[in-house]
Amino acid sequence: MSRPPVDLDPAGPVKVAVVQAEPCWFDVEAAVTKTCDLITEAGKNGAKLIAFAELWIPGYPNFVFAHTTKIVNDFMLEYYRNSISVDSTHMAMIRKAARAAEIMVVLGISERDRGSLYMSQVFIGPDGNILLHRRKFKPTGPERIIFGDASGDCAKNVIQTPLGRIGGLQCFEHLQPLLKYNTYAQGEQIHIAAWPNLFPPVGKMPFFNTVESCRMATHTLAVEGGVFVLLASSIQSEKGLKANGLLPAPIPGKGDTHEVVSETNIEPPHTRVTGGGFSVVIAPDGRTITEPVAEDWEGLIYAELDFEEIYRAKQWVDPVGHYSRPDVFTLQVRSQTRRYVEVESGNTSGSEGFEHVGRFPELEE
């Protein structure tokens, strides 16, 4: 029995793919190749949308949790060189792969913009054009050593597509109530939750930084927003441990004694663990609708999203609709972008801020 269409929603189920894989640690050339291969594979298997982890390119900087600033600075130079600009030739290669596979891509990158880095999500349409580009509003904890903040235009993090209204947040943005509420208010239906590799409790690390807590936070967003959630995460093998300086190495002047490359070793850093993957697809009522995979499993997780589940969830709870009280509670969003240099004549200088909307030309043949 056919069902009448609802607004601009897809008439039938939408097949999606979620990545759980190891990044090509701090190797942008290999990372772009692997990204294009996964996009091609998902497209061949009929997926219309593929979601990647936070900072998939060039990998999450696990080293920042393990070393002192002096050592981190050495890692940061390599990290900067292997990050990518949104209008780069590397990004053009990924855009062409999306177009060839006729699939929408939501990609997590370390975005290089002149001398600064940002934690970014890039939404690429099946025609290869960039539909949306957003940055993480506030990098978390030691991430602030490496990455800058987003500007007001990144408050727009949901776009209308033939697959529905698709949006995204990164990592601990799922613990920001106002940011989540702003996302719900944009009518999101499919949410890309981009996470890095996460681990069980290690030593005195806070429980909220463990995989269990972060999984709960992501399920909460699904229930609150009445949305499908594609939780994409990465994994770490011995390759990641080596790349991040987390493997034992000889201690100078102490013979065969080995310890992790660091100036302090009070307890093992929580990032010195292999595995860390927890990718799933979550339904609007909070259920996990994909089979669980091992924390070190690598590949693509597929699911079909039936929007009837969204409509059922919204009948009960719509926090930006019938289940709200705007006469009592409202959210104010300042979405303007303030530039580094503002010229009264209206002309922009070479020091202007990065323009997210309308900045990217159509992909050439």
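This report describes the overall build, the nonpolar cores and some individual residues of a predicted protein model.

## Basis of the model

Because the model is predicted, local features require a pLDDT of at least 70 and side-chain atom pairs count only at pLDDT 80 or more, whereas totals for chains, interfaces and linings use all residues. Residues are numbered from 1 along each chain as its sequence is written, and side-chain values rest on heavy atoms, with hydrogens and water left out.

## Overall build

The protein has 7 helices and 13 strands, where helices (H or I, at least four residues) and strands (E, at least two) are DSSP runs numbered from the N terminus. Its radius of gyration, taken over C-alpha atoms, is 21 Å, close to the 21 Å that the globule rule (2.2 Å times the number of residues to the power 0.38) gives for 365 residues, so the protein is as compact as a globular protein of that length. The C-alpha trace spans about 75 × 55 × 50 Å along the principal axes. Among contacts (heavy atoms within 4.5 Å) between residues at least 6 apart in sequence, 71% join residues at least 24 apart.

Of the 365 residues, 52% are buried, a class defined by under 20% relative accessible area, with exposed meaning over 50% and partly exposed lying in between (1.4 Å probe, protein chains only). The protein exposes about 17200 Å², of which carbon and sulfur atoms supply 53%; these areas come from the Shrake-Rupley method with a 1.4 Å probe, and for residues only the protein chains shown count as cover.

## Nonpolar cores

In soluble globular proteins, nonpolar side chains tend to be buried together. A nonpolar core is here a set of buried Ala, Val, Leu, Ile, Met, Phe, Trp, Tyr and Cys residues joined through side-chain atoms within 4.5 Å. The largest such core holds 32 residues, and Ile-39, Ile-50, Phe-52, Ile-57, Val-105 and Leu-107 touch the most other members. At least two residues of this core come from each of strand E1 (14-21), helix H1 (28-44), helix H3 (89-101), strand E3 (104-113) and strand E4 (116-124), and H1 gives the most, with 7 residues.

Leaving aside its neighbours within four places in sequence, Leu-107 is in contact with Thr-35, Phe-52, Trp-56, Ile-57, Met-91, Ile-94, Ser-120, Gln-121 and Val-122. A second, separate core of 24 residues includes Val-18, Leu-163, Ile-192 and Ala-232.

## Backbone exceptions

Most residues other than glycine have a negative phi, and most peptide bonds are trans. In this model, a cis peptide bond with omega about 0° joins Ile-57 and Pro-58, and Pro-58 lies in the loop between strand E2 (49-51) and helix H2 (69-81).

Two residues other than glycine have a positive phi: Asp-7, near 50°, and Phe-26, at about 55°.

## Surroundings of Tyr-311

Tyr-311 lies in helix H7 (residues 308-316) and counts as partly exposed, at 22% relative accessibility. Apart from its neighbours within four places in sequence, Tyr-311 is in contact with Val-6 and Asp-9. Tyr-311 and Val-227 are 84 residues apart in sequence, and the distance between their C-alpha atoms is 9.5 Å.
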